Amino acid sequence: MNIHVRAFDHPDAVELNDRVQLEYAERYGDEGDVTPLDATMFDPPHGLYLIAYDASDQPVATGGWRSQERNEEGYSDGDAELKRMYVIPEGRGQGLARRILAALEADARAAGRTRMVLETGDRQPEAIALYLSSGYTPCEKFGHYRTYESSRCYAKPLQGNGGL
């Protein structure tokens with residue numbers, strides 16, 4: 001597996017985003033994640049977007065982070081928000097999500113971010129298990145889905161004792 005930095009609007013990113021949106025729609029019976037995003041949110045040094053490719057150079061996994069500061073949606077100063085973590089079904093069980101997560105955490109830490117935060121849903125038990133096993137703990141809800149009962153929010157310090 002090779003992991004490369006890509007723009008959020010790169011064709012491979014768009015393809016994988018379409019696939020994850022279909023999975024969200026199936027799991028939740030809705031239109032998918034409608035959190036407003038644009039490609040510039042992931043531009044370094046205020047974010048990063050990664051795509052993992054298999055040996056045939058096919059895109060199999062994605063993940064990104066974007067900077068957040070204290071605002072009305074419940075973020076805190078210094079937050080790095082994890083977005084669009086996804087591994088295609090054929091690529092699961094190989095540790096790809098964990099590798100992408102570690103790379104994103106390291107990059108956010110190097111960019112001076114102090115906390116990685118993420119929002120997932122109660123119908124994504126695999127994601128919740130990954131985050132809990134990676135040192136994330138439940139936190140106060142934030143973001144676009146903060147008022148939804150199905151929303152689950154997690155955080156992990158990136159500096160000091162909580163960093164890798």
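Which residues lie nearest the centre of the largest pocket? Keep this question in mind as you look through the close-ups below. Everything here comes from a predicted model, in which local features need pLDDT of at least 70, side-chain atom pairs count only at pLDDT 80 or more, and totals for chains, interfaces and linings use all residues. Residues are numbered from 1 along each chain as its sequence is written, and side-chain values use heavy atoms, with hydrogens and water left out.

**View 1. The largest pocket and its lining.**
Y24, M85, T120, Q124 and A127 lie nearest the centre of the largest pocket, and they belong to a lining of 35 residues. The space inside comes to about 830 Å³. A pocket here is an open set of points on a 1 Å grid over the protein atoms alone, with protein on both sides within 12 Å along at least five of seven lines, and a lining residue has an atom within 4 Å of a point. Grid points are joined across faces, edges and corners, and a volume is the space filled by probe spheres set on the points. Five elements each supply at least two lining residues: α1 (11–28), β4 (79–87), α2 (96–110), β5 (115–121) and α3 (125–133). The largest share, six residues, comes from β4. Helices (H or I, at least four residues) and strands (E, at least two) are DSSP runs, numbered from the N terminus. By class, the lining holds 16 nonpolar, nine polar and 10 charged residues. In this count Ala, Val, Leu, Ile, Met, Phe, Trp, Tyr, Cys and Pro are nonpolar, Asp, Glu, Lys and Arg are charged, and the others, Gly among them, are polar.

Two strands count as a pair if DSSP finds at least two bridges between them. Touching, or contact, means heavy atoms within 4.5 Å.

**View 2. Where β4 meets β5.**
β4 and β5 run parallel and are joined by three bridges. Look for A80 opposite M116 in β5, and for E81 opposite V117 in β5. β5 is mostly covered, with five of its seven residues buried. Buried means under 20% relative accessible area, exposed means over 50%, and partly exposed is in between (1.4 Å probe, protein chains only). R84 lies in strand β4, and its phi is near 55 degrees, a positive value in a residue other than glycine. R84 is buried, with a relative accessible area of 6%.

How many cavities of 30 Å³ or more does the structure hold? There is one. A cavity is a set of grid points where a 1.4 Å probe fits but cannot get out. The largest cavity has a volume of about 50 Å³. Its lining is made by T35, R66, Y75, E81, K83, E119, F142, G143, H144 and Y145. Three of these residues are nonpolar, three polar and four charged.

**View 3. Some loop residues.**
C139 sits in the loop between β6 and β7 and is partly exposed, with a relative accessible area of 22%. Leaving aside neighbours within four places in sequence, C139 is in contact with C153, Y154 and A155. In the loop between α1 and β2 you will find P45, where the peptide bond from P44 to P45 is cis, with omega near 5 degrees. D57, in the loop between β2 and β3, has a phi near 65 degrees, a positive value in a residue other than glycine. Is D57 buried or exposed? D57 is exposed, at 52% relative accessible area.
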